[in-house]
Amino acid sequence: MSTLNGKVAWVTGAGTGIGRGIAVALAEAGMDVALSGRRQAPLDEVAELVESKGRRALSAPLDVMDRDG
């Protein structure tokens, strides 16, 4: 299997639950992570976790059910 180091993933629903776990696991595997979800505060917490793994994080609130968003 190829390495994930230096690649970028986008995780929706990244603020809580499974999305949060996936974002952190991807960072541990060497990926930078773009984080989206409905609430900024939980995204900021996950961004800190990603950055604590030595990876970059970008967070942006997004509700995938809102077409105009």
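**Helix packing and the nonpolar core in a predicted model**

The structure is a predicted model, in which local features need pLDDT of at least 70 and side-chain atom pairs count only at pLDDT 80 or more, whereas totals for chains, interfaces and linings use all residues. Residues are numbered from 1 along each chain as its sequence is written, and side-chain values use heavy atoms, with hydrogens and water left out.

The end C-alpha atoms of H1 are 17 Å apart, which agrees with the 16 Å that its 12 residues should span at 1.5 Å a residue; the expected span is 1.5 Å times one less than the number of residues. The buried residues of H1 are Gly19, Ala23, Val24, Leu26 and Ala27. They lie on the same side of H1, because the arc that they cover around the axis is only 160°, the arc being that of the directions from the helix axis to the C-beta atoms. Here buried denotes under 20% relative accessible area, exposed over 50%, and partly exposed the range in between (1.4 Å probe, protein chains only).

Methionine 31 is located in the loop between H1 and S2 and counts as buried, at 7% relative accessibility. The contacts of methionine 31, not counting residues up to four places away in sequence, are Leu4, Lys7, Val8, Ala9, Leu26 and Arg55. Although methionine 31 and leucine 4 are 27 residues apart along the chain, a distance of 5.8 Å separates their C-alpha atoms.

Helix H2 (residues 40-52) has 13 residues, which should span 18 Å at 1.5 Å a residue, and its end C-alpha atoms are 18 Å apart, in agreement. Pro42, Leu43, Val46, Ala47 and Val50 are buried in H2. Their arc around the axis is only 145°, which puts them on the same side of H2. An α-helix has 3.6 residues a turn, so residues three or four places apart point the same way. The buried residues of H2 pack against helix H1 (17-28), strand S2 (32-37) and strand S3 (57-61), while the face turned away from the buried side carries the exposed residues Ala41, Glu48 and Ser52. Just after H2, glycine 54 has a positive phi of about 85°.

Strands S2 and S3 are paired in the parallel sense over five bridges, a pair requiring at least two DSSP bridges. The chain passes from S2 through H2 to S3 in a right-handed β-α-β crossover; right-handed means that, with the strands pointing away from the viewer, the path from the first strand over the helix to the second runs clockwise. Alanine 34 has leucine 58 as its bridge partner in S3. Serine 36, placed in S2, counts as buried at 4% relative accessibility.

The largest nonpolar core contains 13 residues, of which Val11, Ala23, Leu26, Val33 and Leu35 touch the most other members. Such a core is a set of buried Ala, Val, Leu, Ile, Met, Phe, Trp, Tyr and Cys residues joined through side-chain atoms within 4.5 Å. Strand S1 (8-12), H1, S2 and H2 each give two or more residues to this core, and H2 supplies the largest share, four residues.

Note on methods: Contact = heavy atoms within 4.5 Å.
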